[in-house]
Amino acid sequence: MGQKILIVDDAAFMRMMIKDILTKNGFEVVGEAQDGAEAVEKYKELEPDLVTMDITMPEMDGITALKEIKQVNPNAKVIMCSAMGQQAMVIDAIQAGAKDFIVKPFQADRVIEAIQKALS
């Protein structure tokens with residue numbers, strides 16, 4: 001059985017893209033969430049090995065969700081995803097405990113590399 005991953009993105013298309021990359025590489029996608037608040041709930045419920053988290057989402061943004069997930073589990077592994085390679089957001093995410101940062105549009109090998117690095 002592969003590592004369990006939770007995908008968080010407000011765009012269904014993006015979730016589908018990441019899910020496709022992950023399943024083709026032997027990972028198990030255990031859940032999906034459309035916003036930060038849902039991500040925190042799903043994290044508690046599913047206890048995934050890793051979360052891919054979009055930064056810009058309605059309801060609760062990815063950095064706030066990251067902080068909440070870290071309160072639930074300080075060892076949580078979260079990789080942030082964003083279309084905007086804004087330095088400040090990247091730094092905020094890393095300071096909040098993100099393991100890595102991938103920029104959209106995703107390159108499959110970069111996604112897998114980031115995940116394998118975070119899980120090792």
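This is a predicted model: local features need pLDDT of at least 70, side-chain atom pairs count only at pLDDT 80 or more; totals for chains, interfaces and linings use all residues.
Local features are reported at pLDDT of at least 70 and side-chain atom pairs at pLDDT 80 or more, while totals for chains, interfaces and linings use all residues. Residues are numbered from 1 along each chain as its sequence is written, and side-chain values use heavy atoms, without hydrogens and water.

Helices (H or I, at least four residues) and strands (E, at least two) are DSSP runs, numbered from the N terminus. Helix α1 covers residues 12–24. Its 13 residues should span 18 Å at 1.5 Å a residue, and its end C-alpha atoms are 18 Å apart, which agrees. The expected span is 1.5 Å times one less than the number of residues. Buried residues (under 20% relative accessible area; exposed, over 50%; partly exposed, in between; 1.4 Å probe, protein chains only) in α1 are M14, R15, I18, I21 and L22. They lie on the same side of α1, because they cover an arc of only 130° around the axis. The arc is taken from the directions from the helix axis to the C-beta atoms. The face turned away from the buried side of α1 carries the exposed residues F13, M16 and K24. Among the elements covering the buried residues are β1, β2 (28–33) and α5 (108–119). Just after α1, G26 takes a positive phi of about 85°.

Helix α3 spans residues 62–72, and its buried residues are G62, I63, A65, L66, I69 and K70. Their arc around the axis is only 155°, which puts them on the same side of α3. They pack against α2 (36–46), β3 (50–54), β4 (78–82) and α4 (87–95). D61 caps the N-terminal end of α3, with a side-chain oxygen 2.9 Å from the backbone nitrogen of I63.

D54 is found in strand β3. It counts as buried because its relative accessibility is 3%. Contacts (heavy atoms within 4.5 Å) of D54 include V8, D9, D10, G62 and K104. An unreviewed UniProt entry places "modified residue: 4-aspartylphosphate" at D54; such annotations may be inferred rather than shown by experiment.

A nonpolar core is a set of buried Ala, Val, Leu, Ile, Met, Phe, Trp, Tyr and Cys residues joined through side-chain atoms within 4.5 Å. The largest has 23 residues, and V8, V51, M53, I69, V78 and M80 touch the most other members. Its largest share, four residues, comes from α3. Another core, of 19 residues, lies apart from it and includes I7, L22, F27 and A118.

Terms used
A polar contact is a pair of N or O atoms within 3.5 Å; within protein, one must be able to donate a hydrogen and the other to accept it, and residues adjacent in sequence count only if both atoms are side-chain atoms. Lists of a residue's contacts leave out its neighbours within four places in sequence.
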